[in-house]
There are 2 protein chains.
Amino acid sequence: MKLHAEDLEDLALGSVFLATGGGGDPYVPLLLTREVLKRTGPVELLQPSDIPDDAFLAAIGNVGAPTVSLELLPSDDEALIALEAFEKQMGRTLDAVISFEIGGGNSLIPIMAAASRGIPVVDGDGMGRALPEAQMMTYAIRNIPSTPALACDYAKNVTLFTTKGTDVYERHIRALAMSSGGMITTVEHGMFGKTLRDALIPGTVSFALKLGTFLRENRGQAPALLAPLQALFADSIYGECHLLHTGKVVDKSTRIVGGFDVGNTVIEAFDQAGAPVEIDIKNEYLMARRGDQILASVPDLIIIVDYETSEPINAERLRYGQRVAVFAVGCPAFYRTEAALDVVSPRNFGFDVDYVPLEALPN
Amino acid sequence: MKLHAEDLEDLALGSVFLATGGGGDPYVPLLLTREVLKRTGPVELLQPSDIPDDAFLAAIGNVGAPTVSLELLPSDDEALIALEAFEKQMGRTLDAVISFEIGGGNSLIPIMAAASRGIPVVDGDGMGRALPEAQMMTYAIRNIPSTPALACDYAKNVTLFTTKGTDVYERHIRALAMSSGGMITTVEHGMFGKTLRDALIPGTVSFALKLGTFLRENRGQAPALLAPLQALFADSIYGECHLLHTGKVVDKSTRIVGGFDVGNTVIEAFDQAGAPVEIDIKNEYLMARRGDQILASVPDLIIIVDYETSEPINAERLRYGQRVAVFAVGCPAFYRTEAALDVVSPRNFGFDVDYVPLEALPN
């Protein structure tokens, strides 16, 4: 299967849904990637089962505060500069690249990089959604070393990290992102095919494309889309899909704290019946609550969409007064394992509660 | 000339005087360097005129907030790890190393590195004192590229920077220092002998040793040392030496801001006659004022010493109640040039005044 320039808009749309508010705004990455693909032709979407054992791969994407992605605009060459500098450091060429996370701009950066470099991109990613920190990636959870890793900022300054653990690596790239204006592109987790196949969330690029196509072809009020969305997710690695709430954004506030967008949003029901739903944000939508009742929490996916069109809305574009619907989708099974919940449970984000799967919550 | 383990205590003492409050606490670096020299034997102190044109050199030292140097303790191998990683990156071995700054711990780190690596250390440095930021080094002012530069933190994580300007480099290493606990060791400004000879402040290691020996042999009340210190400095690249004030520390406050120690101290005259002297701090003592009257300012050197022993006191060890004397010493001529004052005048530290040489001020 190949990804063509014409596929990218649907892919971006589906990816923003899976991004759960984060992953960075896809608009400029979409324009850039489309231009690159028009020049290079389509990119091969490599199925995980087709990755040779000894293929050398790495993960690529942007790191930073998503709000910055609206103003600090990438070019079409940071990804390639970072890839080539990474290859030089490793002393070998890459056979393919893979996403950190299937979400927003970060679903497109690897495609742009792959096209520029003339190599395939893997149909899968390291999160099955977007999550804010490097140690939350499947690659890190599977103990694949994150470094040597290469970072390129938007002024093309290049930094190479060699750290002993992904938690330290995360702290260092976050600091670099902040000192570079808020956003950098990194290439990390150099790994062989055999290792990667065991560590990725499979099929998420093609699923995001399918989801985006569905959303484009079925533009309409969110409640009407619940049943077909449930069918779509039931037939995927995600499973559950619930409609948590509909209403109007009456409060939205985030600040950049430690290089992340941190804050929350409050969504009042259209008829103002019952308590409003509050959603906590750290780059991504992390937890949805009505009063004291948790409706859904990380690592399950929480998605805010425009009520009328069902177009997903990233946190950096969420505004007071928007009429929205809130969906929740089950996370891939990988993230319900103990090893994964050690780093992505609500407690890892400062909430004093354990993770309860979406389908076991009253929502 | 060789530097022996027995020289280091005097060298540290003289360096803290020239450090003008900054450069990091020398205590642990002194112990470590002495142990290394006992193992390796003395280190050759290479005179600038003896550096071959084609010798390959680099500057090495610690970067961070000096307060951290009291608690985040270095080991004897970060410097060597950083040197060797730097050599590997550059694809060539170093013929000698040189200090960033002659001051506090940073006058000892290059000696420890040189001894561990079995190469000489240059009798000179890149500041002739200590200053807080990388772009304030003579090497940077002479447009020697600061990168590729190698940083090693105290957990031995290694980061390689390739940036387009020293101002960006400074921002990035500062961010890394902060995200590494407040202090890192860096190797930077890879350069050839011919270039370095034109860019260094010469003779500062041997002068610091001479000054330290003088201070040890002439322990006593500060005012009594003024005349011999004036003679010592008159016969050096520094020239002027003034006694600005004597009194008691009645206030001292610094906070870590952006990876620097930032604050001030107030020193009341023993007889409480006249306004107290206030000294602004950004890692180093930057400006001494009595009321509205500036007594001395960066890039000239401001030194606070113990009143009874004349032992210099770094800013991180300055405390309420200490009885002190404040000296000022003229900076090397290099720092009175326009190119240098472009980056080290009081205005570069946020003071709304031009630099006036020490000897032209009423002090």
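Me: Which residue of β8(B) stands opposite B:C152?

Reply: B:T185 stands opposite B:C152 there. Strands (E, at least two residues) and helices (H or I, at least four) are DSSP runs, numbered from the N terminus. Strands count as paired if DSSP finds at least two bridges between them; β6(B) and strand β8 (residues 183-192) of chain B have four bridges and run antiparallel.

Me: Before we go on, what am I looking at?

Reply: This is a predicted model, in which local features need pLDDT of at least 70 and side-chain atom pairs count only at pLDDT 80 or more, while totals for chains, interfaces and linings use all residues. Residues are numbered from 1 along each chain as its sequence is written, chains are lettered from A and ligands numbered from 1, in the order in which they are written. pLDDT is the predictor's confidence in each residue, from 0 to 100; chain A has a mean of 95, and 100% of its residues reach 70 or more. The complex gets an ipTM of 0.81 and a pTM of 0.87 from the predictor.

Me: Back to β6(B): why is this strand described as largely enclosed?

Reply: Count neighbours: a residue is buried with 20 or more other C-beta atoms (placed from the backbone) within 10 Å of its own, exposed with 12 or fewer, and partly exposed in between. In strand β6 (residues 149-153) of chain B, five of the five residues are buried, so the rest of the structure largely encloses it. One side carries B:A149, B:A151 and B:D153, the other B:L150 and B:C152, and all of these are buried.

Me: How many residues lie between β6(B) and β7(B) in their hairpin?

Reply: Four, and in that turn B:K156 has a positive phi of about 70°. The two strands run antiparallel, joined by four bridges, and B:A149 has B:F161 as its bridge partner in β7(B).

Me: How many residues does each chain give to the contact?

Reply: Two residues are in contact if their C-beta atoms, placed from the backbone, lie within 7 Å. Here chain A and chain B give 16 residues each. On the chain B side, β7 (158-162) and α6 (166-179) are the elements that give two or more residues, and α6(B) gives the most, with seven.

Me: How do I read a helix, say α8(B)?

Reply: Compare its length with the expected span, 1.5 Å times one less than its number of residues. Helix α8 (residues 204-217) of chain B has 14 residues and reaches 20 Å from first C-alpha to last, close to the 20 Å expected. Its buried residues include B:F207, B:L211 and B:L215. The buried residues of α8(B) pack against elements of chain B, among them α1 (8-18), β5 (121-125) and α9 (222-234).

Me: Is B:V266 buried or partly exposed?

Reply: B:V266, in strand β11 (residues 260-269) of chain B, is partly exposed because it has 17 other C-beta atoms within 10 Å. Not counting residues up to four places away in sequence, B:V266 touches B:V250, B:D251, B:P276 and B:E278.

Me: And which hairpin has B:G291?

Reply: The hairpin of β13(B) and β14(B), with two residues between the strands; B:G291 takes a positive phi near 60°. Strands β13 (residues 284-290) and β14 (residues 293-297) of chain B pair in the antiparallel sense over four bridges, and B:R289 has B:I294 as a bridge partner.
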